[in-house]
Amino acid sequence: MIALRGVSLVYANGTRALDAIDLEIAKGSFVFLVGHSGTGKSSLLRLLYREQLPTRGEVTVDGIRVDKLRRSRVPLLRRNVGVVFQDFKLLSDKTVWENVAFALQVTGARTRDVMRQVPRVLELVGLAHKARMFPSELSGGEQQRTAIARALVNNPKILLCDEPTGNLDPANTNDVMDLLHRINLKGTTVLIATHNALVVDRMRRRVIRLEDGKIVADEERGYYLASAGTVPGAERLQAPAQSA
Amino acid sequence: MDWGRLRFFLGEVWRNFTRNLIMQLTAIGTVTVTIALLGSFLFTRDTLGSIGDDVLKKIEISVFLRDGATPADAHKLAAELSADRRVRSVAYIPKALGLQQMRERLRGQIDTSLLTSNPLPDALRVRVVDPEQVRAVAASIRMKPGVANVEYAEDAVQKLLRISDVLGRIGLGVVVLLIFTAAIIISNTIRLTVFARRREIAIMQLVGASGTYIRLPFICEGFLDGLLGSALALALLELARFQLLPKVAAALPFLPMRAANINQLTFGLELLLIGAAVGVVASWLSVGRYLRA
């Protein structure tokens, strides 16, 4: 589903964000991307939805060579790749329903499809009853679930999440992670960049660790800290002050 | 037809349009001024042109015959000149008739009763078809036997031709400059809207909206600026035509104030089209530059 071969990314200012990355992620998997801030997690995700082009190497997503994709074809890629961010990126002057519908409407979807798909994903993320509310009237978790609904409404095969729980308290974090888990069970490939140790350790899924732009560990059913078992005092790490 | 889709799109355009109303009004106002000036310039040029044509049409070549030319000679020359394709009309003015016309023309200014003899020669008055050929026709008449002298308002003809030429160039320059200004202001307005909506644009790009789809509402915004501006200008021009023109015509009765050659409908449509085109091109460039960056 996702394949990176010899991928390096050097920014214009000379910062080496990724260094000779080789990576494969199978269809339907649930993968954590962990590492300190600035180790290249977000850069790697950006390569996958072609917000960024690699300096060197091949990036393949769902059979498409993203690094060679023509600009005019990028929208087609993005309809197959949902993206969720730490700061939700919702439109404050639109309701939950409108925010989700927006993703369909701007891709030229028929009204019939909008009327069918939006209630379906709102039901999935458990916000059908708050469809008429504005983002400012929602909790952080609800806002993130709205953003996830928006990312899912086009039925993407892949869902990329960049610190999806970074702004959430533990209860909301659990809600969002449960939702992502359910989405994965329906067959969507989910890739989550995070440094929330508890989330990673609770789920026990594949964990890819980045350090200085390199993959230093890649474990099935891994932990947040490499081969260290669960994080000592993980509950303390969950304190909101530490979560961002 | 998917009305829901259309309604969403028009909603987007409306949202763009109303987001920065002051700037929008500035853009529309600039287009209005530009198109109103363009319209009145074209109108003035046309009117001047028709005034010039009128004056030129009235220019006569006076052909004075040698003393001793008989009426038969005069008629022969007149027939000869009439055969020339460039000549519209030839009138034979015997010296007696010439004197009578002069007396009428100068009545009350000069006491012509003091004239004891007729100083005028026999004359022909020649009008040409095309005012620009006055000089050539006059030159060829001068060569004819029996012709003593040929006179026409050479200076007036040359000046009028030159003035209308210069006016045409200046007007064109001013209009090009104004259109350029209007385009810049519209493009800045659109850029402000793009900036105000950068979050939405980022999300559109993220969820896979095509470049065309993202651009279209902004192009429509520019189109609306241009169209509304020029429509307003047309309204102003119409107002001027009905309110102002009769007064000007009354103040300057000797000018033939009729732009006979202007087809109101075509003229109006052309101005609307120019305004709308300026809007579309300006917004296209403005949005294009932002989306590429």
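Q: In β7(A), what is the bridge partner of A:Val84?
A: In this predicted model, A:Val84 has A:Cys161 of β7(A) as its bridge partner. Residues are numbered from 1 along each chain as its sequence is written, and chains are lettered from A in the order in which they are written. As the model is predicted, local features need pLDDT of at least 70, side-chain atom pairs count only at pLDDT 80 or more, and totals for chains, interfaces and linings use all residues.

Q: In which sense do β6(A) and β7(A) pair?
A: Strand β6 (residues 81–85) and strand β7 (residues 158–162) of chain A pair in the parallel sense, over five bridges. Pairing requires at least two DSSP bridges, and strands are DSSP runs of E with at least two residues.

Q: Is β6(A) covered, and which way do its residues point?A: Five of the five residues of β6(A) are buried, that is, each has 20 or more other C-beta atoms, placed from the backbone, within 10 Å of its own. A:Val81, A:Val83 and A:Phe85 point one way, whereas A:Gly82 and A:Val84 point the other way.

Q: Turning to the cores, how many residues has the largest nonpolar core?
A: The largest nonpolar core has 109 residues, and those with the most contacts inside it include A:Leu33 and A:Val100. Such a core is a set of buried Ala, Val, Leu, Ile, Met, Phe, Trp, Tyr and Cys residues joined through C-beta atoms within 7 Å. Helix α8 (residues 211–251) of chain B gives the largest share of this core, eleven residues.

Q: Which residues does a second, separate core include?
A: The second core, of 16 residues, includes B:Ile61, B:Val63, B:Leu65 and B:Leu124.

Q: And into which domains is chain B divided?
A: Chain B has domain 1 (3–55 + 158–292) and domain 2 (60–152), with bounds from an automatic or database domain assignment. Their centres, taken over C-alpha atoms, are separated by 53 Å.

Notes. Buried ≥ 20, exposed ≤ 12 C-beta atoms within 10 Å, placed from the backbone. Helix = DSSP H or I, 4+ residues; strand = E, 2+ residues; numbered from the N terminus.
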